[in-house]
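Please read them alongside the coordinates.

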Amino acid sequence: MPELPEVETVRRTLAPIVGAKLASVRTSGLLLRMGSEIPEPALRALVGERIEALRRIGKYLLLDVSGPTGILVHLGMTGWLRIFPAAEPQPAHTHLVLGLDRKRELRYSDARRFGQISTYQRADERSHPALKVLGPDPLDASVDGAKLLYDNARRRNVTLKALVLDQGVIAGMGNIYASEALWISKLRPSTRSSKLSAKAADSLWQAIRQVLDHAITHGGTTLRDFVDAAGSSGEHADYLHVYGREDEPCARCKAKIRRTVQQGRSTYFCATCQPG
DNA sequence: CGTGTCACCTGACAGC
DNA sequence: TGCTGTCAGGTGACAC
């Protein structure tokens, strides 16, 4: 479900819980990604503290709580976070409920349980194993993304799609926006990264920024079940150029969009205006 | 170092 | 209606 724009949309729509006091913690007891469990005792220890800020690094959400320990959330494929009145019935697959003030609850639900919830030390968040391996966030204005892409591309020889999806290079790109960014920058997803020119790296970076900004503006992409923290769907699916559009005409050249599989995942591109 | 494949888990949907 | 197969926005382990 969620790539960077969807996680950012969730972060923004969670704004109403900033300042709220954590009153209770309840979990389903089921295991999440790779058998990881929700750290209930560590979360219980946060009861009584206030949520000070919500941040995002790549696809990870960071809940800064008033003490030294924060809450780290990754939504996986089907995870969502929503603010509910406590009286609302609990939806299926709810694995974590944080009771807040004013009879509100922050609920985490995740049908496939590919998500992850853990805690981090605010003074040293980058020492968390999940955050340690992430490249910079593409919305961080201080990042020279063109150089970052170029350097990584030249020193390795992966496909451009794999490069863009590598969270250690840039944090936050996923399967939808990888195809979209490569289409915008007219680069073939199967092209080897070692052949990337500095100019192409620059245009790829611009495309990444553009597609992420655009998707955030539209509240993310809802293909089936993504909703923000208020329960609203995103509108960006209407603006996708290639993803999910096999056999439809390319918006630039009218050739049929093609679908291939790379690393076991669908890639969409235009063979005419994304030459190899 | 690179890629391919599978695994994790559930639900939606197409086709029979 | 119900079965089967396929696919899904993510990530990590493993074999080659």
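1. Accessible areas come from the Shrake-Rupley method with a 1.4 Å probe, and for residues only the protein chains shown count as cover. On that basis chain A of this predicted model exposes about 12200 Å², of which carbon and sulfur atoms supply 51%.

2. Chain A has 7 helices and 10 strands, where helices (H or I, at least four residues) and strands (E, at least two) are DSSP runs numbered from the N terminus. The radius of gyration of chain A is 20 Å, close to the 19 Å that the globule rule gives for 276 residues, so chain A is as compact as a globular protein of that length; the radius is taken over C-alpha atoms, and the rule is 2.2 Å times the number of residues to the power 0.38.

3. Of the 276 residues of chain A, 53% count as buried, meaning under 20% relative accessible area (1.4 Å probe, protein chains only).

4. Asp228 lies in the loop between α7 (198-217) and β9 (258-262). Although buried, Asp228 has no salt bridge, and the nearest side chain of opposite charge, Arg82, is 6.4 Å away; a salt bridge requires a side-chain nitrogen of Lys or Arg within 4 Å of a carboxyl oxygen of Asp or Glu. Leaving aside residues up to four places away in sequence, Asp228 touches Thr9, Val10, Thr13, Leu81 and Arg82, contact being heavy atoms within 4.5 Å.

5. Residues are numbered from 1 along each chain as its sequence is written, and chains are lettered from A and ligands numbered from 1 in the order in which they are written. Local features need pLDDT of at least 70, side-chain atom pairs count only at pLDDT 80 or more, and totals for chains, interfaces and linings use all residues, while side-chain values use heavy atoms, with hydrogens and water left out.

Definitions and conventions
Buried < 20%, exposed > 50% of the residue type's maximum accessible area, 1.4 Å probe, protein only. Lys, Arg positive; Asp, Glu negative; His and termini not counted.
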